[in-house]
Amino acid sequence: MKLPSASQMQQLDRRASEQYGIPTIVLMENAGVGTVRMALDELGPCNNTFAPIFVGPGNNGGDGLVIGRHLHQRGCEVMFFFLVNPEKLSGDPATNFKIVKQLKLPYHVVDTVERIGMIPMLIAQKESKGLCCYAVFDAIFGIGLCRELSGHFKKAVELINSAAFKTKGPVIAIDIPSGLDSDSGKTLGCCVTADYTATYGCAKPAHFLHGSGSPAGKVAVIDIGIPPAVVNSGGIDTTLATDALVKQRSTSLHRAITSHKGDNGHLFILAGSAGKSGAAILAAKGALRAGAGLVTLGCPIQLKDIFGSALPEAMTFLLSGSDTCFSIDDLAVIERELATKDVLVVGPGIGQDQRTAELILTLYERAKCPMVIDADGLNILALAAESLPQPGGPRIYTPHPGELSRLIDMDSGAINQDRLEAVKLAVTKFAGSKDSVVVLKGAGTLVADGSGQRYINTTGNPGMAAAGMGDVLSGIIGALLCQGLAPTDAALCGVYLHGSAADMLFAAQGPGFFAGDVADRIPCARRKLLVV
Ligand SMILES: NC(=O)C1=CN([C@@H]2O[C@H](COP(=O)(O)OP(=O)(O)OC[C@H]3O[C@@H](n4cnc5c(N)ncnc54)[C@H](O)[C@@H]3O)[C@@H](O)[C@H]2O)[C@@H](O)CC1
Ligand SMILES: [K+]
């Protein structure tokens with residue numbers, strides 16, 4: 001599912017009307033009718049109910065007027081609350097206002113903070129007639145929002161979000177919750193927290209950038225009649241990682257009946273150090289559960305006993321360059337080992353010892369195989385950012401916002417304000433080459449590649465904010481690369497499977513599961529996706 005930016009969406013609307021002659025008022029009518037159908041499907045009939053509709057100054061408000069008209073036709077008592085003087089509306093919203101007036105539908109102008117304060121009393125009058133609220137419709141601002149909410153606009157949003165209002169009925173946001181920036185997901189002052197969002201033509205990035213905590217609630221995409229050819233030629237570079245997309249990108253993971261371990265790749269992992277041996281075990285576990293044929297853990301001498309006994313399915317390769325950590329003195333033997341391996345995972349728990357840093361930077365430059373770089377591997381790259389060599393092969397970087405902040409020298413607060421832009425910056429500024437992929441972890445994990453494509457993941461939950469989750473993910477991505485997926489697909493499918501496994505645990509028991517539990521669920525998540 002393509003996710004256009006606000007300006008791309010405006011272009012799609014424009015092309016539908018200018019190139020194909022579809023009048024914008026028809027698009028608006030389709031939007032309103034589609035929303036009412038969605039509401040009826042979700043909430044049941046609306047006769048003998050009432051519905052407050054908050055109407056803003058632009059076309060989003062116009063959608064609200066169409067919705068009100070069609071609810072009225074089905075027996076609902078609509079109450080329009082205009083946040084601007086409706087006589088000053090122009091274009092399609094003005095036309096729809098004229099129809100509302102002809103139909104003598106009741107409306108109130110609430111264009112000051114004081115007038116917003118009167119809304120609860122007006123609603124109480126409806127309730128005193130024994131009517132229940134069907135839903136509250138937020139048609140204040142859509143993708144045309146261009147500055148922070150203030151004054152009575154802010155007050156209206158606060159009223160919709162207030163505890164007293166929430167008990168009245170579900171909130172349905174029109175196109176996008178008012179106050180939410182469509183491209184970045186940033187809240188401009190404050191934003192409506194909706195139960196449902198009816199969005200038009202295409203969903204927008206902001207609907208999914210907050211992961212399972214989205215203020216958009218359940219999102220329904222309403223077909224308003226924009227020809228698919230317009231959407232497909234819109235140059236949209238952001239895509240939602242849906243079940244269908246991930247299925248399509250992972251079909252090559254299907255196992256032949258005659259498959260043997262040699263067919264499924266050999267992963268080499270450099271992870272862990274004294275006190276952080278668990279990072280290596282979790283990465284190896286993630287990789288084995290995600291189907292890597294063979295996994296070998298590079299092993300500093302001091303960790304020999306732990307690595308040897310913790311996970312019998314993984315092999316170990318003793319590295320004697322340093323007792324406690326990986327070292328540049330291990331380079332020759334590691335390079336020999338890599339000749340028989342398909343993919344390298346580096347970073348979880350390795351620390352930032354100078355000898356380790358030299359090793360990682362040299363491998364970054366020389367290893368021809370795909371390399372997944374996580375945690376301290378990323379911190380080492382960040383410290384060397386000024387003189388970073390060109391990578392020797394495909395590289396997949398898996399930072400969380402703090403690590404990305406060090407990598408691209410951008411404040412992590414600024415990264416969180418616009419994660420889509422930050423991940424794009426990272427893949428161009430830092431990663432550079434066509435085969436580079438950046439995975440920005442968090443609620444609504446992002447994947448960006450050197451071709452300019454960006455993906456928003458749809459799986460995962462707050463239970464994943466726990467130790468070792470990233471280690472498991474690096475192993476999963478390494479395993480998918482081993483099984484032949486291209487770097488972008490390995491990252492995309494890896495984050496999806498990781499989140500999907502965690503979602504099974506969250507549904508069964510809520511937060512408190514371990515990273516290792518997530519690894520153990522990967523085969524179920526994979527089976528759900530691939531059937532085999
Ligand atoms: N153009 C089209 O063909 C279609 C547009 N549709 C609807 O139109 C919406 C976009 O319409 P518009 O471009 O008119 O934009 P909006 O309706 O989102 O609002 C833009 C108006 O709000 C004002 N504004 C922006 N931020 C403000 C703030 N913080 N405080 C006060 N005023 C503020 C702007 O100056 C402008 O007057 C979409 O989200 C969708 O709901 C749908 O009807 C489908 C068809
Ligand atoms: K809205």
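1. Nine residues of domain 1 are in contact with eleven residues of domain 2, two residues being in contact if their C-beta atoms, placed from the backbone, lie within 7 Å. On the side of domain 1 that touches domain 2, three residues are nonpolar, five polar and one charged. Here Ala, Val, Leu, Ile, Met, Phe, Trp, Tyr, Cys and Pro count as nonpolar, Asp, Glu, Lys and Arg as charged, and the others, Gly among them, as polar.

2. This is a predicted model, in which local features need pLDDT of at least 70 and side-chain atom pairs count only at pLDDT 80 or more, while totals for chains, interfaces and linings use all residues. Residues are numbered from 1 along each chain as its sequence is written, and chains are lettered from A and ligands numbered from 1 in the order in which they are written.

3. Domain 1 covers 6-236 and domain 2 covers 246-530; these bounds come from an automatic or database domain assignment. Their C-alpha centres are 42 Å apart.

4. An unreviewed UniProt entry places a "binding site" at Lys 441, Gly 442, Ala 443, Gly 444, Thr 445 and Gly 470. Such annotations may be inferred rather than shown by experiment.

5. Ala 443 is partly exposed, because 19 other C-beta atoms lie within 10 Å (buried means 20 or more, exposed 12 or fewer, partly exposed in between). Beyond four places in sequence, Ala 443 is in contact with His 210, Gly 211, Ser 212, Gly 213 and Gly 460.

6. Gly 470, by contrast, is buried, with 25 other C-beta atoms within 10 Å. Among the residues touched by Gly 470 are Asp 374, His 400 and Lys 441.
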